[in-house]
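I opened the structure to look up side-chain contacts, cores and surface. My entries follow in the order of the look-ups.

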Amino acid sequence: TAFKEGYTASTLLMDAETTFPGGAGQPDYTPVNYDGKFRGPLQVRYALGNSINIAAVKMLAMVGIKDVLRTAYDLGITSLEPTQDTLNRVGLSLTLGGGEDRLLELTGAYAAFMNKGYRVDPVSILKVEDSDGKVLEETKPEKKKRVLTEEQAFLIASILSDNSARANVFGTGSLLNIAGKNVAVKTGTTNDRRDNWTLGGNANAVVGVWVGNNDNSPMLNVASGVSGASPIWRRILLE
């Protein structure tokens, strides 16, 4: 959404303790980074690459929640339709897990980043054959409408595949880095530690992994995308 509205990968965001007014009858909101640190001025490329929470909330505030919901909906996240009802129940915490989503929808949305901005809706059965190999039914994924420009999709994929852009938090030898492959990937953990994600891939395939407890209780030992979902995600891609 930021790229749609004229911001760039080198736009500067300040990673410092910030309190956002809550509005009428609502408490103030003071987001924190996963590691509790502040890194000062950061370009968008490094803020996104390193999953800096405060920078993400600031960008959301700059472009507006409704515009972000519209982009998400266009990408295929139908559970966050940009209606007044959705706006009434989400706020600036939206970018840190404040809006529930489904793994299939989120993975499908990421596909547009790897597909030059075209939306591709997932299908569950590609082909049905009989015992003789005769094709009874076949579905070929089709490009839907273009929801991002090719340039916007390229920038997101470029940032998320830039191992040096995430080195400050993840290091250069993390499970997110697959030698010899250009793979865009993003991890995420909701503030309450109930949901842990890793999503990413390239033009060939996109893989999404969720880790959590079936009863929706907070996780105790798995607290980050690197230690939780990433090992599963990496193994799938390597196979």
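Entry 1. I started with Arg 146 and left out residues up to four places away in sequence; Arg 146 then touches Lys 116, Gly 117 and Tyr 118. I note that this is a predicted model.

Entry 2. The backbone oxygen of Lys 116 is reached at 2.7 Å, and the backbone oxygen of Leu 148 at 3.2 Å.

Entry 3. I placed Arg 146 in the loop between strand 4 (135-138) and helix 6. Its C-alpha atom is 6.2 Å from that of Arg 119, and the two residues are 27 apart along the chain. Arg 146 has a relative accessible area of 39%, so I logged it as partly exposed.

Entry 4. The largest nonpolar core holds 39 residues, and Leu 75, Tyr 110 and Phe 113 have the most contacts inside it. Among the elements that supply at least two residues each are helix 1 (44-49), helix 3 (65-75) and strand 6 (196-201). Helix 5 gives the largest share, six residues.

Entry 5. I listed the contacts of Tyr 110 beyond four places in sequence: Leu 160, Lys 186, Leu 199 and Val 206. I also found a second, separate core of eleven residues, including Phe 170 and Val 211.

Entry 6. Ile 125, Val 128 and Leu 136 make a nonpolar patch of about 270 Å². Ile 125 sits in the loop between helix 5 and strand 3 (127-129). I recorded Ile 125 as exposed because its relative accessibility is 54%, and the cut-off is over 50%.

Conventions
Residues are numbered from 1 along each chain as its sequence is written. This is a predicted model: local features need pLDDT of at least 70, side-chain atom pairs count only at pLDDT 80 or more; totals for chains, interfaces and linings use all residues. Side-chain values use heavy atoms; hydrogens and water are left out. A nonpolar core is a set of buried Ala, Val, Leu, Ile, Met, Phe, Trp, Tyr and Cys residues joined through side-chain atoms within 4.5 Å. Buried means under 20% relative accessible area, exposed over 50%, partly exposed in between (1.4 Å probe, protein chains only). Helices (H or I, at least four residues) and strands (E, at least two) are DSSP runs, numbered from the N terminus. Contact means heavy atoms within 4.5 Å. Patches are made of residues with over 30% relative accessible area and no salt bridge: like charges are joined within 9 Å, nonpolar side chains (Val, Leu, Ile, Met, Phe, Trp, Tyr) within 5 Å. Accessible areas come from the Shrake-Rupley method with a 1.4 Å probe; for residues, only the protein chains shown count as cover. A salt bridge is a side-chain nitrogen of Lys or Arg within 4 Å of a carboxyl oxygen of Asp or Glu. A polar contact is a pair of N or O atoms within 3.5 Å; within protein, one must be able to donate a hydrogen and the other to accept it, and residues adjacent in sequence count only if both atoms are side-chain atoms.
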